[in-house]
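Please look over the sequence and the three-dimensional structure shown here before reading on.

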Amino acid sequence: MSSDEELALTELTEFQKSKDNILEESKKIFQDVHEDFCDIRKILLKFQEWKEKFPDSYCDAYISFCLPKLLNPLVRVQLINWSPLEQNSTDLKEMPWFRAVEEFSDAKKSSESTRDDDPDEEVLPRVIEKTILPKITAFVKNVWDPLSASQTENLIQLCNNMFEKQVLSRSECSQAKQDLINTVVLRMRKSVEEDVFIPLYPKR
């Protein structure tokens, strides 16, 4: 494998400037929204209170299916500066949204509930399915260089961590996971066809 290609200084400077502008603008996305409605931990706390007080009503509302869609834009904002293929990238598990959702999914079921199962256990896997895996797929398609040892190692580690967490019920299959795997295969095939030089030796 080759080492990562370095951008020209001017291109790198321009890229960093554009990136800084985007990050600055991203801070304004929820500036007119009350903190109770844009802080993932506070939002989940409201649902946790509902679940503890009225567990059966909570389950009948299929909240575990709704939460991933509700949290999607809030999670995506926290991922704007996420570059998982780079060295020393922020670990997904260390991000505030991940810890909040993981704690919510692992919270003990209310003793007042008459149900044996806890659908909230699948909130984190569903967030990974709906938000994180498509994001990784985009990185694979547009950023990943299969000839880069560091990027490939980071991608493998990231996928292993996410697949470990992204365990859905037996009745469900992960379309996002399959899309990611297919994209990896296509990207590797393209790299072999366009980037890898295989010398031809005459037959003896």
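## Salt bridges

Across the whole structure, a search finds eight salt bridges, a salt bridge being a side-chain nitrogen of Lys or Arg within 4 Å of a carboxyl oxygen of Asp or Glu. This is a predicted model, in which local features need pLDDT of at least 70 and side-chain atom pairs count only at pLDDT 80 or more, while totals for chains, interfaces and linings use all residues. Residues are numbered from 1 along each chain as its sequence is written, and side-chain values use heavy atoms, with hydrogens and water left out. Side chains of opposite charge can pair when their charged atoms come close.

One of these salt bridges joins Glu103 to Arg41, with the closest N and O atoms 2.6 Å apart. Because Glu103 lies in helix H5 and Arg41 in helix H2, the pair ties together parts that are 62 residues apart in sequence; helices here are DSSP runs (H or I, at least four residues), strands are likewise DSSP runs (E, at least two), and both are numbered from the N terminus. Glu103 is partly exposed at a relative accessible area of 47%, and Arg41 is partly exposed at 41%, where buried means under 20% relative accessible area, exposed means over 50%, and partly exposed lies in between (1.4 Å probe, protein chains only).

Glu102 forms a salt bridge with Lys165, and their closest N and O atoms are 2.5 Å apart. This pair also links distant parts of the chain, since Glu102 belongs to helix H5 and Lys165 to helix H7, 63 residues apart. Lys165 counts as partly exposed, with a relative accessibility of 25%.

Glu25 pairs with Lys28 in a salt bridge whose closest N and O atoms are 3.3 Å apart; Glu25 is partly exposed at 47% relative accessibility, and Lys28 is partly exposed at 40%. Elsewhere, Lys51, Asp118 and Asp120 are linked in a network of salt bridges.

## Helices and the nonpolar core

The protein chain has eight helices and zero strands. Of its 204 residues, 35% count as buried. Among contacts (heavy atoms within 4.5 Å) with a separation of 6 or more, 73% are between residues 24 or more positions apart.

Which residues have the most contacts inside the largest nonpolar core? They are Trp97, Ile132 and Ile136, in a core of 38 residues; such a core is a set of buried Ala, Val, Leu, Ile, Met, Phe, Trp, Tyr and Cys residues joined through side-chain atoms within 4.5 Å. The elements that give two or more residues to this core include helix H2 (40-53), helix H5 (96-106) and helix H6 (123-142), and the largest share, nine residues, comes from H6. Not counting residues up to four places away in sequence, Ile132 touches Val75, Leu79, Trp82, Leu92, Trp97, Val127 and Met162.

## The surface

The accessible surface of the protein chain comes to about 13900 Å², and 53% of this belongs to carbon and sulfur atoms; accessible areas come from the Shrake-Rupley method with a 1.4 Å probe, and for residues only the protein chains shown count as cover.

On this surface, Ile22, Ile29 and Ile80 form a nonpolar patch with about 240 Å² of accessible area together. Patches are made of residues with over 30% relative accessible area and no salt bridge, like charges being joined within 9 Å and nonpolar side chains (Val, Leu, Ile, Met, Phe, Trp, Tyr) within 5 Å. Ile80 sits in the loop between H4 and H5, and Ile80 is partly exposed, with a relative accessible area of 32%.
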